[in-house]
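Here's a quick briefing for anyone meeting this structure for the first time. Have a look at the model, then read on.

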Amino acid sequence: MKKIVILSASPRKMGNSDILCQQFKKGAEESGNSVEQINLYDKNIGFCRACYACFKTGECVLQDDMADILEKTQSADVIVVATPTYFLTMNGMLKTTIDRFLPKWQDLGGHDVYLIITGHDEKYGLRLVGEELTRIFENLGNNIKGIIWGEGVWQKGEVIETSAMHNAYQAGLSV
């Protein structure tokens, strides 16, 4: 059994990214894994202030939900990161969360990582997000196991009729 943490930057409950997270979770749980989905928009996550106090203490000076998110992410075997695409990049909530990895960046490697990327563009328009997140998580010392592309979706629920549903479920099963 593996411990899986899903970091969902979907701002919409049952939006396309969130639906794909649920599919991944369903497959992973059916394979006997433990899965926790963290909906980042439900959390209090402040912006990094670049004070670098964390370099001395290993802790962020901001007292918010990020310390708990970091602890859960560090202890996971598998990390799933989901974001809708805004203006050809990840949304601001995910970027803010990644910036706040700073206190523990040295300890966030060694995981298998799956990416879920959604947006109204086809894969060409989403590719930059995939490249950016791949580079970030590989730089932290992780192994990108797969990218689930929720392409050509915009309105809530449009992803349901796409192959991304099957791909997310199969990725969860394969963990």
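Start with Leu 7: setting aside neighbours within four places in sequence, Leu 7 is in contact with Ile 38, Leu 40, Ile 69, Thr 73, Ile 79, Val 80, Val 81, Ala 82 and Phe 101. Contact here means heavy atoms within 4.5 Å. This is a predicted model, where local features need pLDDT of at least 70 and side-chain atom pairs count only at pLDDT 80 or more, while totals for chains, interfaces and linings use all residues. Residues are numbered from 1 along each chain as its sequence is written, and side-chain values use heavy atoms, leaving out hydrogens and water.

**Nonpolar cores**
- The largest nonpolar core has 28 residues, and Leu 7 is one of those with the most contacts inside it.
- A nonpolar core is a set of buried Ala, Val, Leu, Ile, Met, Phe, Trp, Tyr and Cys residues joined through side-chain atoms within 4.5 Å; buried means under 20% relative accessible area, exposed over 50%, and partly exposed in between (1.4 Å probe, protein chains only).

**Salt bridges**
- There are seven salt bridges in the structure, each a side-chain nitrogen of Lys or Arg within 4 Å of a carboxyl oxygen of Asp or Glu.
- Glu 36 and Lys 72 pair up at 2.8 Å, N to O, and together with Asp 68 they are linked in a network.
- Arg 100 bridges to Asp 64, with the closest N and O atoms 2.7 Å apart.
- Arg 100 is buried at 2% relative accessibility, and Asp 64 is buried at 18%.
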